[in-house]
Amino acid sequence: MQVIKISVYLLAFIFANFIVLWFGAKGLIFTALFLIPFDFVMRCLFHETWKGKELILKLGSLVIAASLITFLINKSALNIALGSSFGFISAQIFAGIFYQFFIKKSYFIKVNGSDAIGILIDSLVFQIVAFHTIDLYVSAGQFILKIIGGLFWYWVIFVKLKIQLK
């Protein structure tokens, strides 16, 4: 089951990178609503499975691997790969701290709270690295769509599929 989770996480990450490469800012709408929030919710599953240094090393390795695969498939995706890598690593650090701080709280609080923090950071860092600018309208739109997408994936994964964090 763990291999499936990791594979789907990587595929969503890589596919999101290519959608942004192919469609530019318009591609951010789809990725912000479906793919990026999925990966943030999956991060919560990994957080419950992996602990301490293992969490940091494995999650960091997944982010770097997805970005490296993106670049190896298409060299013109360098800025997108770097943006997503720096965005996700920065976001995962702060989301992970929030998650750990609220580890004893309900799934809803720790998953969606950590996602909200990570989503905000990812939306800003990705734009800076990938596009060398921040468009506050794009950031605000991404944030809102990612929150909606995160709530959707929370509902799918934890309510409909009843996947347990522990």
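1. Contact, as the word is used throughout this note, means heavy atoms within 4.5 Å. The model is a predicted one, in which local features need pLDDT of at least 70 and side-chain atom pairs count only at pLDDT 80 or more, while totals for chains, interfaces and linings use all residues. Residues are numbered from 1 along each chain as its sequence is written, and side-chain values use heavy atoms, with hydrogens and water left out.

2. I64 belongs to helix α3, helices here being DSSP runs (H or I, at least four residues) numbered from the N terminus. Leaving out residues up to four places away in sequence, I64 touches S85 and I89. I64 counts as partly exposed because its relative accessibility is 47%, where buried means under 20% relative accessible area, exposed over 50% and partly exposed in between (1.4 Å probe, protein chains only). Between the C-alpha atoms of I64 and Q142, which stand 78 residues apart along the chain, the separation is 22 Å.

3. L62 is also placed in helix α3, but with 9% relative accessibility L62 counts as buried. Once neighbours within four places in sequence are set aside, the contacts of L62 are with I6, Y9, L10, F46 and W50. For one of these, L10, the C-alpha to C-alpha distance from L62 is 6.9 Å, although the two are 52 residues apart in sequence.

4. How do α2 and α3 pack, and at what angle do their axes cross? The axes of helix α2 (residues 27-49) and helix α3 (residues 52-73) come within 9 Å and cross at roughly 145°, the axes being lines fitted to C-alpha atoms over the stretch in contact and the angles running from 0 to 180 degrees between N-to-C directions. On the α2 side R43, F46, H47 and T49 take part, and they meet E54, L55, L59 and L62 in α3. The residues of this contact divide into 4 nonpolar, 2 polar and 2 charged, with Ala, Val, Leu, Ile, Met, Phe, Trp, Tyr, Cys and Pro counted as nonpolar, Asp, Glu, Lys and Arg as charged, and the others, Gly among them, as polar.

5. The largest pocket holds about 320 Å³ of space. Of the 18 residues in its lining, L55, I56, Q92, I93 and G96 are the closest to the centre. On a 1 Å grid over the protein atoms alone, a pocket is an open set of points with protein on both sides within 12 Å along at least five of seven lines, a cavity is a set where a 1.4 Å probe fits but cannot get out, and lining residues have an atom within 4 Å of a point. At least two residues of the pocket lining come from each of α2, α3 and α4, and by class the lining has 10 nonpolar, 6 polar and 2 charged residues.

6. The structure holds 1 cavity of 30 Å³ or more, and about 130 Å³ of space lies in the largest cavity, a volume being the space filled by probe spheres set on grid points that are joined across faces, edges and corners. Among the 15 residues that line the largest cavity, T31, I36, S84, D122 and F126 are the closest to its centre.

7. Two backbone values deserve a look. H132, in the loop between α5 and α6, has a positive phi near 60° although H132 is a residue other than glycine. K162, in the segment after α6, is not a glycine either and has a positive phi of about 55°.
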